[in-house]
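Trainee: I would like a close look at one part of this model. Which residues surround the ligand, and which are the closest?

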Amino acid sequence: MSIQFHEETGIFSLTTENTLYQIRADASGVLLHLYYGKKTDTDMSYLIRYTDRGFSGNPHELAGNRGFSLDTLPQEYAGSGVGDYRLPAVQVISPNGSRSVDLRYAGHEITAGRKPLPGLPFVRESRETETLTITLRDRVIGLEVQLKYHVFPGQDVIVRSARLVNAGDEPLLLEKAASACVDFPYGRFDVIHFHGRHCMERIPERLPLPRGMVSFGSRRGMSSHHSNPFVILCGRGATEDFGDCYGCMLMYSGGHLEEMEVDQAGSTRLVSGIQPDGFSWTLNAGEAFQTPEVLLSYSAEGLNGLSRQYHDIIRQQVIAPRWQQGARPVLINSWEAAYFDFDAEKILRFARTAKELGIEMLVLDDGWFGKRDNDNSGLGDWKVNERKLGCSMKELSDQIHALGLQFGLWFEPEMVNEDSDLYRAHPDWALTDPDRSPTLGRNQLVLDMSRQEVVDYLFDAMCAVLDSARIEYVKWDFNRSICNCYSHALPASRQGEAAHRFMLGTYQLLDRLLTRYPDLLIEGCSGGGGRFDAGMLYYCPQIWCSDDTDAIERLEIQRGTSYGYPVSTMGAHVSASPNHQTGRLTPLRTRGIVAQSGTFGYELNPEGQSESEREEIRQQIADYHRYADLIAQGNYYRLNELDDGGDFVAWMFAARDGREALVNLVISHVRANGPFPFVKLRGLKPDARYRLEGGEQVFSGAALMNGGFSFPLTRGDYPAHQLHFTEI
Ligand code: DGJ
């Protein structure tokens, strides 16, 4: 049993293999957070201390007990306006204008397994999953909050969400509904968040949490390139391999907010959920609002340990079972090879050469539909442009399949150009403010996915294309941030619902398509990695990591992404040199090694490669197949510390049974007479003996992990080393 309730003390204990999460409903019904961290076998309520802190008030029913204050005790889901002055988890306006929410314990239930979340992505149950539902109630306004905890013992993950129910008679207006709130009464933490921009996503930044409030988030209606919905709180001394680390990952692809507050007594509150700025939701009597889920995890084994837990839960319980095992196809994407300039003949030439190289799928990117020879028009008109192609999609797909390749197609379903038949017919289907010119992004507008007729139109239009030809893969793009988030189908009083309803519409469309085409591989994309989040991963087992395909830039992007997400989810392609984004020249070998630590593919004109490059590409693909299982299923380790100022980036994969390892190291700055690049390996068996491929030398696991391994000095820009160790 991973969830236990102790009647006498009111304590709930949620245990995973290595962690304990403890909560207590106290005598006055306040739900207190007792502990989250390394597993212990005791009642942790001794950690709660009561004291009278000035200006921290006391509930009326406890008059005389000045040591009891909502403001000083660790709360499990903080209300607002009734004496806890820290960050609230929930904010509600009652019909009389009051903003007070006072949540008290009203009951609980422990069940085996878990129920799916209607309309939202969720962490799929495992054989071990158990669920705790604690109901809190505000007796005055009739708000009920059902806190859900799904425990995943094997991955050391606790999944939380909240369901807010209006159990009263009058409408309530929700202004904030966080997915989770966690109080850490003791300890000083650093926060690591993942910021970025288009072409440079998920860059970790580590900051000591100051007193007061710090927040990260997105107001773009998308999880965004700029701030990933994932933060880590770690002990001040934590490194990649040692120390306390807590992760908080929101499973949501829309606007989000992660807030932290260090209070007067040094305790830290973490709140994560849908972006409250611009959000409001009318909850009529009897209605419920479900928040997205948050994946909480704790590791005592540093950042690498925490990352491995997220990699496991995502690979095992977030990604659809259909894609959990087996290598994904090596693909070639037409974007950087041809941009908008192609016809079927050119694409078939690419396909023929690609097949000779060992590539397994050809993906036709943007430009095959409507009037679409540049990015100014055509979005929304999902009809094949046979005049441009010179044939039907079926003819093209049949010829590609006849060559022995699979075929994939690009869509950007949630967008529309003003210059499109769709917009001309239904201008009100776009999110635009009345009487105001809309702000454009890449010359396009955003469709109002909150409208069922929009979702139905897209479903029918996409099915018409997908039914017309054999298509095994879809690249699902999203190329602007949302603003003018006004739905012409919602009344004025409900405009605050448009952004979340948009996400529900998108999830519904993805869900319906996958129900109809269960074998369809959808790769998420948003101008690269603008929607790289656990929500999209539920539907799309891989996501194009960045529009920056420069291998040296990708070292940073893929490394940053790896803190939360496994490499098997990261779309990574070998692209041309000089690179189209940076103009940098990088050896083909290095480009191959970097792309191999992702879902491998090519993003270049295959006809433009010399004979020796073609030979090298054939070898890269053979190597990819050789190592595909180790890379996709093995344990991943970053081998250098964040911001260590070094001249190389190193990472490795160790088989789960420790019998094999693949070590990669790329020199990002070559130096004359520099130090030897040096790393300590991880994840091996100390007593086992390993042979390094290509030689006779044998090393013990203990030697490689404690003594490490040094690499020879090299000359020239951006060389890469790859070492393969196998147990003998
Ligand atoms: C942005 C994507 O990230 C690119 O790979 C490409 O698909 C373009 N959009 C096409 O418009």
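Mentor: The ligand is surrounded by 13 residues, where a residue counts as near if one of its heavy atoms lies within 4 Å of the molecule. The closest are Asp365, Asp366, Lys475, Asp477 and Asp547. Keep two points about the source in mind. This is a predicted model, with local features needing pLDDT of at least 70 and side-chain atom pairs counted only at pLDDT 80 or more, while totals for chains, interfaces and linings use all residues. Residues are numbered from 1 along each chain as its sequence is written, and side-chain values use heavy atoms, with hydrogens and water left out.

Sort the shell by class.

Now the polar contacts. The term means a pair of N or O atoms within 3.5 Å; within protein, one must be able to donate a hydrogen and the other to accept it, and residues adjacent in sequence count only if both atoms are side-chain atoms. Take Lys475: an N or O atom of its side chain is 2.7 Å from an oxygen atom of the ligand. Arg442 also uses its side chain, placing a polar atom 2.8 Å from a ligand oxygen. Gly528 uses its backbone, with an N or O atom 2.9 Å from an oxygen atom of the ligand. Taken alone, the ligand exposes 290 Å², and the protein buries 98% of that. These areas come from the Shrake-Rupley method with a 1.4 Å probe; for residues, only the protein chains shown count as cover.

Stay with Arg442. Its loop runs between helix H6 (421–425) and strand S25 (444–446). Helices (H or I, at least four residues) and strands (E, at least two) are DSSP runs, numbered from the N terminus. The phi of Arg442 is near 45 degrees, a positive value in a residue other than glycine. Is Arg442 buried, partly exposed or exposed? Its relative accessibility is 29%, so it counts as partly exposed. The cut-offs are under 20% relative accessible area for buried and over 50% for exposed, with partly exposed in between (1.4 Å probe, protein chains only).

Compare Asp156. This residue is not a glycine either, yet its phi is positive, about 55 degrees. Asp156 lies in the loop between strand S8 (143–152) and strand S9 (157–166). Asp156 is buried, at 3% relative accessible area.

The backbone has another feature to check. The peptide bond from Ser577 to Pro578 is cis, with omega near 0 degrees. Pro578 sits in the loop between strand S29 and helix H11 (588–596). Eight of the nine residues of H11 are buried, so this helix is largely enclosed by the rest of the structure. Among the buried ones are Leu588, Arg591 and Gln596.

Next, the aromatic rings. Rings of Phe, Tyr and Trp (its six-membered ring) pair if their centres lie within 6.5 Å; planes under 30 degrees apart are stacked, over 60 edge-to-face, and the rest tilted. By this rule there are 40 aromatic pairs. In one of them, Phe194 and Tyr563 have ring centres 5.7 Å apart and planes at 40 degrees, so the pair is tilted. This pair links distant parts of the chain, 369 residues apart: Phe194 is in strand S11 (residues 189–197), and Tyr563 is in the loop between helix H10 (551–562) and strand S29 (570–575). Both Phe194 and Tyr563 are buried. Trp368 and Phe369 have ring centres 5.1 Å apart and planes at 75 degrees, so that pair is edge-to-face. Trp368 is buried at 0% relative accessible area, and Phe369 is buried at 0% too.

Last, one loop. Asp84 lies between strand S4 (31–38) and strand S5 (90–93). Asp84 is buried, at 9% relative accessible area. Its side chain reaches the backbone nitrogen of Arg86 at 2.9 Å. A polar contact of 2.9 Å also joins the side chains of Asp84 and Arg269. Arg66 is in the loop between S4 and S5 as well. Arg66 is exposed, at 53%. A polar contact of 3.2 Å joins its side chain to that of Asp52.
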